Each structure stands twice: as C-alpha cells, then as structure tokens.
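Visitor: Please bring up the model, and let us go through it by question and answer.

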Amino acid sequence: MSHNASPPLLDIQHLSLSFGGIQAISDFDLKVHKSEILALIGPNGAGKTSVLNTITRVFTPQSGEIIFKERDISHLPRHAIASLGIARTFQNIELFESATVLDNLLLGRHRFFNGHWWQQLLRTPHFIQTEEDTREQIEHIIDFLDLSPWRHSPISGLPYGVRKIVELARALCAKPELLFLDEPASGLNTEETRDLAFWIDDIRTDLGITVVMVEHDMSLVSAVADRVVCMSQGKILASGTPQEVQSNTDVIAAYLGTSS
Amino acid sequence: MRFDYHTQYRQGFALFKDNSDRILYALLLTVMCAVPWLASSFVLGELAYVFILCIASLGLMVLIGYTGQVSLGHAAFVAVGAYAHVWMMNKGLPMLTSMLSAAGISAIAGLVVGIPAIRVSGLYLAMVTMAFAIVIEQVIGNWSSVTGGFTGMPVPDAQIGKWSLSGPKSFYYFCLVLLVLVVVSLFNLLRSALGRSFMGVRESEAASYALGIQVNQVKIIAFGLSAGVTGLAGALLAHHLKYLTPDGFSLLLSLELVLMVVIGGVGSLRGAILGGLLISLLPTLISNIKPWLPQAWSKQSGFETFIFGFILAFFVLFEPTGLNGRWLKFVSLIESFPLYRKDTFKRNKRYMKSERYR
C-alpha cells in the first residue's frame, strides 16, 4: 500500500523514554496511516506498552515528537488526549468496577458536551434530550459489540472476556479516530479471540477508526493486522506484513534467543 | 417480579423508577409533613437535628462515597458554615442570604483544602483533613472578635422576613424543605456527567484520564461541593444549638459523620440518610434501653462509645455495603418473593485486581 498522498495520522519521531537508568524506548520512529490496523509485537519488556503510554501522555518522553494530525501532542496534559480523538484500552482492565456497563459507557462519552452544571442540577428539558442522545450513541456501540445482555450488570460480576469487550466498547464510545488496544486478546479463549478479530476488522471498515494494537496472540495479529512492527529493547527490530515479520530471523532470535 | 419495560431512553434515568416508587415517596413526604401534628416539640427538635445531620452526611457522602476521598475533618466545614452564618447574621444580612453565603464560604474553604489535599490520597488525605479540622478548631477558639472564642457566642433567632422560624414546628419544616432540596439537587448532579466523573475518579484514575476527565479538577470540585453542603448543614445546626462553642465541632463530630457514611453504605445518597438517621438517633436509643441493661454495663463510662464502635465493626465485617445494601436486599426479597435465592448477594472473593498506573 502506498500512503505517500496524505500525511500519516500519527507520526512518531526520535522518541526516547527512560526510567532512571533503564532505557524503555530509544530513538523510536513510527508512522501510522489512516485506516490501517497496525500490530505492535515484541518480547516482554520490549517497550510496547511504554510507547502506548507515552502517546496517551501517561509518561512524558525525554526527547522526540509525537505528531497527531500534524500537531505535536507530546507535552499536552494527560486528559487532553481524549478530545483529540485518541482512545485506548488497558492491559490490565481498567473499568469502573462497581458501576454498571451502561455507566461505564456513559463515561466513555465524557469528552463530549454533557450539559452545563446548572442544567445537570435542574435537569432542564434540553439537558434530558442531551442525555437521551448520549444514550442513543451508546446503544449503537452496545449493538455493535453484542453487549445488550449485560447492559445493566455491574462490572464486578462480569466474566473476564465480557469485561475486555466492555472496555473496548467504552473506548469506542469516545468516538476516536485512533484507537489503541493494549493486549485485547489476553485472557480470551479461542472463540472470543475470533470474535474480536471480526470486530477489530469492523471497527476499521465500518467505523473508519485506525487501530494500533499491542498483541502477543499471533493468530489474531495475522488475521487482522495490515502491518506488524516488532520491537525489542525499545527499538524497532522489523516491520512489514505479518508473514514477513514472522519469518524475519532477527525477530525469531529476539523471541527464542540465538544458538551461538 | 418486576420487569422494566421502557419505550424511551429517558425512562431509564427518571427520578422515580415507576408509579409505585412515586406513591411510596409521596407517602413518605406526607408522613414527614404530618409529624408536627403527632409529635411533641422535643421530638420535633430531635428530628430537625436528625435532618441537619443527614444534610451534613450527604455532603460527606459526595466526597467519601462518590469520589473515594476520605475526609476525617468534615466537622471543620460544619463549623465554618455555622460561624460564617452567625457572623453574617450579626452583621445584619437576611437569614437566607446569609445561609447561602455561609455554604459558599464553606465551599471555598473546601476548595482551599482540596487544592493541596488532592496531591495525597488514602490515609494521607485523611491525615491532612484531620489536621485541617484541628487547625480550624483552634482558630475558632482564638479568634475571639469574630467567633466569641472558647466561651462561644449566641445565635440570633431564625427569621425569614417577618416569619419567625424559632418555633420547633416551623424550624422542623424549614429543615425538611432544605433536606429535600439538597437530596434532589445532589441526586440530579450525581446521575449526570459530574457524578459519573466522580465515580470514574474513584474507580480508576488511569481510565479517567484516558477518557478526558480532568482528574484533579474533578477531585477539587468534589471537595468544594461536599464542603458547601456540609457548610449549609452547619448554618442550620447553629440555629438548632442556639449557642456556638468550638467544642461542638470537635473531632468526635467528624468521626460521627464518617460513621454515618460508612454505616449507611458508601456510594449512595439513601445510605447517607439512613446512616444519618441511625447515628443521630443512637444516643437517644441507648439511653432508652439503658434501664433494661445490667447496672454494671449501663453505669460504665464509655458505654455509648462502645456501642458506636461495636456497630461500626459489625457493619465493616458483615455488611460492607451498609444499611443501603441491607435495604436493597430487602427490596429484592419483596420483589422476587417466592423466587428469592439466598445466594443472590453472596460476596465472592476476587482473585484479579490491578493497581498499575494510578
């Protein structure tokens, strides 16, 4: 595929991040193009999640630029990322546990207008209409991800696989342009992983969202990813189609070690 | 059993779930309005006091129950509200203006404490707020020109225009109206975006940031809102006490407020009311059952504190969801009567919990 026509959606240049003496990411470059599904793979401790956390401003990089839609976002406040149209899920599910699925998804819409405080206090007719519209948007996502049986259940009572999907749904409620999935298939069984593969593909084709995922499950990666980037020790080891990366000798060495 | 059948989304977040809800709340309100014709003026005074404590406990519930920030110093905000109110009334402000301004001043005090306090959380936050309460108690004791110092100062009579509120009946109604207003306003706020962001901050800060919630700002707002409501309770309390001294706003009051929230059930307005009811009526209850207890027990000093501690320990061990949890279980028993399963609310051990990126 050629993307020379338009600038990349996300352009990371010379990104470096260290924690004391540990260099988590060093001189990292990555371009993410609109409407692609990019998988970030690599052995444990390679810095995949750190890249994701740096883009979503959990960590501040020591150097480098993160350019999203031609704007450097590497020093924005952490809460400002959502309103740019970037959403994410977490490796260890970060749902609002004692709340219901519906409340979690409603919070997903927090970046949009939800009424002024006095409208919330008095519940003006206009405000109730806003709440209904919000609810309608959420119902689309609930339909999309088949969550309707769980709509009113508290998260604390849900099985792990459903929680993963609820977290994905919450990220989608924020109507992102760029979606980061941190190990979406970890802890899911084969069937759930296959459903997830279809959903991720639909997220790109039906909703037009660009997806970057950190993933270990190569069956999912080769099923959906257009492009795979393999990281090791904070650097890019290889990139290309899933088949190319899987057969790359450096990648195999990074995962299994070399015999010499 | 009851099944909700909604044809519009707005039914899902309505104030009352259905008609039986509406009827029950109307009935409750009617009973509350009828009480002055049935009860003695002593009971009315006690009930007004219960309502005031319920307002204070609602204020603290916003902070502890919804935002997950523990404050052990809320008596300070009660005191700020009470003294500010009396000071402004002495300066000649009308009662309602002064009361609202007192709530406002208390809210500002809450913001002032909140801004540094949000840098710490959990136990440390509890210590900071407790220290603030101690400081306020000392300030009130020593700032004699405004607060009357340790000897205290009298509270002017409650009066709106020409309508006196100093009688037990009228004061009872005034407290009831304010309680209902506070409950409805808080309920509206807490089921809207603001309340949802409180809940988000309580449950996961990492996810809140990722969804665009300004975590620190939300925490400060929670502090301000909570302090404001508590301050309003303070202004009312001044009229109930009729004479203000600093030792009325000691650490014990802070702890009682925390007890109300915890025993009532963290994270629900109904819990705050139920907790407020129980804790504020407990001393009366204890003195009523004392004659039936063996002398050796009832004459023991610290007997009341023992009962308070015992009840708290009981709830923490056996009913962490508090009185509200008990109530919900009772309702679900009624609703699903013949089919109620004993294990519906069984607590399960959880084996999965992450504490990363907080």
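Visitor: Which residue of chain B forms a salt bridge with Glu131(A)?
Guide: This is a predicted model, in which local features need pLDDT of at least 70, side-chain atom pairs count only at pLDDT 80 or more, and totals for chains, interfaces and linings use all residues. Residues are numbered from 1 along each chain as its sequence is written, chains are lettered from A and ligands numbered from 1 in the order written, and side-chain values use heavy atoms, with hydrogens and water left out. A salt bridge is a side-chain nitrogen of Lys or Arg within 4 Å of a carboxyl oxygen of Asp or Glu. With the closest N and O atoms 3.3 Å apart, the partner of Glu131(A) is Arg196(B).

Visitor: Which helix gives the most residues to the side of chain B that touches chain A?
Guide: Helices are DSSP runs of H or I with at least four residues, numbered from the N terminus. In chain B, α7 (168-190), α8 (193-203) and α9 (205-210) each supply at least two residues of that side. With eight residues, the one that gives the most is α8(B).

Visitor: What area is buried between chain B and chain A?
Guide: Buried area is the accessible area (1.4 Å probe) that two parts lose on being put together, summed over both. Carbon and sulfur atoms give 59% of the area here, and the total is about 3500 Å².

Visitor: How many residues of chain A take part in the contact with chain B?
Guide: Contact means heavy atoms within 4.5 Å. Chain B brings 33 residues to it, and chain A brings 41 residues.
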